Amino acid sequence: MALVEVFEGEVLEKLLFVADFDFLPRVGELLARDTEGYFEYYNIVKIWHRQDTAEGPFRACLLVTLDDLLGDCLRPHLF
């Protein structure tokens, strides 16, 4: 399993979460994350691998943007 850090927005200091993935998602794919009873959908816009120390392992990182339009379409509506 790959441990992946997921960041949102232009400022890479906003770490959304860290998760184990069976495989590394690709740019253009969506992540669906369950939050309080409904899913939030994130577009993957960038992938990179970083190394914290010169001898340390590399860690996969994703940059995502929230896709509210898709979430609104799939979220149950109350009338």
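Predicted model: local features only at pLDDT ≥ 70, side-chain atom pairs only at ≥ 80, totals over all residues.
Visitor: In what order do the five strands of the open sheet lie, and which are the edge strands?

Guide: The five strands form an open sheet with mixed pairing, in the order β2-β1-β5-β4-β3, and from one strand to the next the twist averages 40°. Two strands pair on one side only, and these edge strands are β2 (15–21) and β3 (30–35).

Visitor: In which sense do strand β4 and strand β5 pair, and over how many bridges?

Guide: Strands of a sheet pair through backbone hydrogen bonds, and the pairing may be either parallel or antiparallel. Within this pairing, Tyr42 stands opposite Leu66 in β5. Strand β4 covers residues 38–51 and strand β5 covers residues 58–66, and the two pair in the antiparallel sense over nine bridges.

Visitor: How do Phe39 and Tyr41 count, as buried, exposed or partly exposed?

Guide: Phe39 has a relative accessibility of 41%, which lies between the limits of 20% and 50%, and therefore counts as partly exposed. Tyr41 has a relative accessible area of 13%, and because this is under 20%, Tyr41 is buried.

Visitor: What kind of aromatic pair do Phe39 and Tyr41 form?

Guide: A search of the whole structure finds two aromatic pairs, one of them formed by Phe39 and Tyr41 at 6.3 Å centre to centre.

Visitor: Over which ring does the charged end of Lys46 sit?

Guide: The charged end of Lys46 lies 5.9 Å from the centre of the ring, within the cut-off of 6 Å. The ring in question belongs to Trp48.

Conventions. Residues numbered from 1 in each chain as written. Heavy atoms only, no water. Pairing = 2+ DSSP bridges. Helix = DSSP H or I, 4+ residues; strand = E, 2+ residues; numbered from the N terminus. Axes fitted to C-alpha atoms, helices over the stretch in contact; angles between N-to-C directions. Phe/Tyr/Trp six-rings, centres within 6.5 Å; stacked < 30°, edge-to-face > 60°. Buried < 20%, exposed > 50% of the residue type's maximum accessible area, 1.4 Å probe, protein only. Lys NZ or Arg CZ within 6 Å of the ring centre and 35° of its normal.
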